[in-house]
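Subject: A structure for you to look at

Hello,

Here is the structure I promised to pass on to you. Please open it beside this email, and then read on for what turned up.

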Amino acid sequence: MKRLLIALLILLVSAAATAWLLNTPGYVMLAVGKTTVELRLFDAVLFALAGLGLFYLLVRFVIRAWLLPRDLLRLRRHRQADAARNALVRGLIDLAEGRWQRAERQLRRSAEKSDTPLLNYLAAARAAQMLEAYDRRDEYLRKAIESDRRADIAVGLAQAELQLATNQYLQAQATLKHLRELAPDHTYVLKLLAKLHHRLHDWGPLLELLPALRRAKAFSETDQAALEAEALAGHMDELVQKKNLAGLEAVWKKLPRKSQEHATAVAVYARALLKVDGNEQAETLLKAALQRAWDEELVTLYGQIDFPDPARALDTAEGWLEQHARDPALLLALGQICLAAKLWGKARGYLESSLQLKARPEVYLLLGRLLERQMKEIDLARECYSKGLRLAVEGIAEPLTGRRARSMFATQNRPLTDEDLDQLISA
């Protein structure tokens, strides 16, 4: 609409100017040497406008002729870029469809003429990886860095992922170490480092990495706690094999206070202490943890301590009955402490009470041994062995009455697998 109004305005002005020139008397005389030419004012203006138009067209022609080589080169490059983009798309499609050789060929050929060579080389590296052509893969990654120096971290991450996928752990370790120097707090770098240490069972380095993972909020609190518990358990198992009680205590002291207060970590540490005769330390640790928050696994471990004075430990555990009288784990622990104190009748009562609340194979075993060895009730002992064995093998138990337990055996938590950790990293 605006252009139409402007065109109408120009038309009106032109008509008015033409009418004025036709009705205005006057002439223009041109003299060149002895030759003179007289023109009406209207004709002179008309010739002048025509001359200006011709001059403008001539100048435009000269400029376009001068710039023609540049424009042709630009057009050629534009067509080459379009062809390269189409080749990139075809290469990515082939890569997604598993046509590795064709994808690598498409991506390699179009990389130099592409306006995004970084993408070409990264995709070509993945195709070469699938073809197990690791030398070509590394060459593509090198060219990717050369194509864009700002992409060091992106290319490094791709390289580390590919190296981990082919179990090239030494190379991946070097790559990730370099990346951490470039970006110490990069979340994905930290995740890949955690994955590497987990695969290699490098529990010590993984424990040292966990505070950085927590600061970066790389995992949820639950997943962080699970990874920390497994790393702690693995590292402490190494120290247990060396009977290194001082090393266990040093590792525990290095953990953040929040981790030291987590029930899973406490259970891992307590279990390690019991394996190296750190009974006194385990008792102090578990009592403090149970005072903060009640936990069945911790109270079960408390019953496994080799107390120098079982009677004192029994007084402590029986003090918890006031608030946790129907806790099967506490009743089991009390039964174990009574066994250590050789209070056979009391031990039997606690073990049977635990079974009434929750059937577990280990409780059947303890009760069976007590009945067989101390109380000489062989038939009842055999029944306990039978029920416990069936429960352990089948995971079920027949409903029992009176002194017999009725609930299912609760399986313990399993460690994280590599697949579990892969899911955590990609989240």
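By class, how many nonpolar, polar and charged residues does the lining of the largest cavity have? Keep that in mind for a moment, and please remember throughout that this is a predicted model.

**The cavity**

Rolling a probe the size of a water molecule over the atoms shows where empty space is left. Searching the whole structure in this way turns up 1 cavity of 30 Å³ or more. The volume of the largest cavity is about 40 Å³. Its lining is made by L207, L210, P211, R214, Q224, E228, L255, P256 and S259. Two elements, α9 (203–215) and α10 (221–241), are the ones that give two or more residues to this lining. The most comes from α9, with 4 residues. Back to the opening question: the lining has 5 nonpolar, 2 polar and 2 charged residues.

**Helices side by side**

Two packed helices are described by the angle between their axes and the distance between the axes.

Start with α7 (residues 169–182) and α8 (residues 187–200). Their axes come within 10 Å and cross at roughly 150 degrees. Angles over 145 degrees count as roughly antiparallel, and α7 and α8 are therefore roughly antiparallel to each other. The crossing of α7 past α8 is left-handed. On the α7 side, the residues in contact are Y169, A172, Q173, L176, L179 and R180, and they meet V189, L190, L192, L193, L196, R199 and L200 of α8. Sorted by class, this contact has 10 nonpolar, 1 polar and 2 charged residues.

Next, find α17 (residues 328–340) and α18 (residues 344–357). Here the axes come within 8 Å, and the crossing angle is roughly 160 degrees. So α17 and α18 are roughly antiparallel to each other, and α17 passes α18 in a left-handed crossing. From α17, P328, L331, L332, L334, G335, C338 and L339 take part, meeting W344, K346, A347, Y350, L351, S353, S354 and L357 in α18. This contact divides into 11 nonpolar, 3 polar and 1 charged residues.

Finally, how does α15 (residues 296–303) lie against α17: roughly parallel or roughly antiparallel? The axes of α15 and α17 come within 8 Å and cross at roughly 5 degrees. Because angles under 35 degrees count as roughly parallel, α15 is roughly parallel to α17. In α15, E296, V299, T300, Y302 and G303 meet P328, A329, L330, L332, A333, Q336 and I337 in α17. By class, there are 8 nonpolar, 3 polar and 1 charged residues in the contact of α15 with α17.

Technical notes
Residues numbered from 1 in each chain as written. Predicted model: local features only at pLDDT ≥ 70, side-chain atom pairs only at ≥ 80, totals over all residues. Heavy atoms only, no water. 1 Å grid on protein atoms, 1.4 Å probe; cavity = no way out; pocket = protein on both sides within 12 Å on 5 of 7 lines; lining within 4 Å. Points joined across faces, edges and corners; volume = space filled by probe spheres on them. Nonpolar A, V, L, I, M, F, W, Y, C, P; charged D, E, K, R; others polar. Axes fitted to C-alpha atoms, helices over the stretch in contact; angles between N-to-C directions. Parallel < 35°, antiparallel > 145°, perpendicular 65-115°, else oblique. Left-handed = near helix turned anticlockwise from the far one by under 90°. Contact = heavy atoms within 4.5 Å.
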